[in-house]
Amino acid sequence: AWQRWPGAPESTAGPASGEARATRTGALGAWVRVLFGAVVFALALRVLAFEAYRIPSTSMEDTLLVGDFVLVSKLHYGPRVLGRRLPGVDGPDRGDVAVFNYPPGLPADVSARVPYIKRIVGLPGDTLRIRDKVVVAGGATVPAPTDGRRLWRLRGRLPASEALAEIGLAGRVQRAGPGDWVASATPAEAAALGAVEGVERVTPYVRPPGDGSAAFPAARRYSLDDYGPIVIPARGDTVRLDDVSWPIVRTIIERFEGHTAERTAEGFAIDGRPAETYTFAQDYYFVLGDSRDDSADSRTWGFVPFDHVIGKALGVYFSWDDQEGRPRWSRIGRGIGG
């Protein structure tokens, strides 16, 4: 029989080493399960509850700045799972800053859809109009965003560059004529500008009649500052098809409600059948950017259908200044107010 050489070390094989390997394997398996669970939880949280978005444009200044990272709640309006929306905590409300899929372009590939962020000013069923920049919806005046940037007309002598920089308006004032200037400012900045010596008055800059820069509806020549009245469609509402309603409802019927719509020699047809009226299948919203003179919004491309809405913006969790190449520490944790 085979014998161990005298002085040879004891073999390490045996029950003890097997137990050690089993222990290591069990520990590794536990870590794999923990990591897998964490990934599943993170994905579920992203799908069902919260998602992060980065602000790419100036249309929401100064409420939101380029480089702000915004936390968006899907729980408020209901998360979408397998193409179906679950019940939400609340519905979209006037004054909410909402993220939604850009209505004019919805490719079949969901990953190619473009998220937009704007403020809801008009609700389903509201009659909305804008007069001299003042928004009226549902019979009530909609307050302008406190941090929203817009154009103001300045009469008098232009303050020195140092005074403009101190207010925060460096590079934001342009000459419009002798003693006449146009400034992009928040209400607080406009008030500070009006208090500077040599400035006679500061008033909202209202585009002249016939400006026609609002592209929706295409058949009407509305201005961005004098717009409407226009009725926002609501689920269950029935509209009569005629020369006035057709330019607005045709796009909605075809693009958002999945029907064909055409004008015939006898009148109108939906899905090839004659129709005198149409009943909307979902709610719609009217949105504006907080920087209302520098925003492509519902005045440009129309209503936002409810099935395009992703969630409600809650606050800024991080902010990066591309020009300075550093974080904006003062904006981290900032909420999104009115």
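**Exercise 1.** Work out whether Ser-59 is buried or exposed, and where Ser-59 sits in the chain.

*Solution.* Step 1: take the relative accessible area of Ser-59, which is 8%. Step 2: compare this with the cut-offs, where buried means under 20% relative accessible area, exposed over 50%, and partly exposed in between (1.4 Å probe, protein chains only). Ser-59 is therefore buried. Step 3: find its place, the loop between strand S1 (50–54) and strand S2 (68–73). Strands here are DSSP runs of E with at least two residues, and helices are runs of H or I with at least four residues, numbered from the N terminus.

Before you go on, a word on the model: it is predicted, so local features need pLDDT of at least 70, side-chain atom pairs count only at pLDDT 80 or more, and totals for chains, interfaces and linings use all residues. Residues are numbered from 1 along each chain as its sequence is written, and side-chain values use heavy atoms, without hydrogens and water.

**Exercise 2.** Find which residues Ser-59 is in contact with, leaving aside neighbours within four places in sequence.

*Solution.* Step 1: contact means heavy atoms within 4.5 Å. Step 2: look around Ser-59 and you meet Lys-118, Gly-289, Asp-290, Ser-291, Asp-294 and Ser-295.

**Exercise 3.** Explain where the buried residues of helix H4 (residues 246–256) lie around its axis.

*Solution.* Step 1: list them: Trp-246, Ile-248, Val-249, Ile-252, Ile-253 and Phe-256. Step 2: they cover an arc of only 160° around the axis, so they lie on the same side of H4; the arc uses the directions from the helix axis to the C-beta atoms. Step 3: continue past H4 to Gly-258, whose phi is positive, near 75°.
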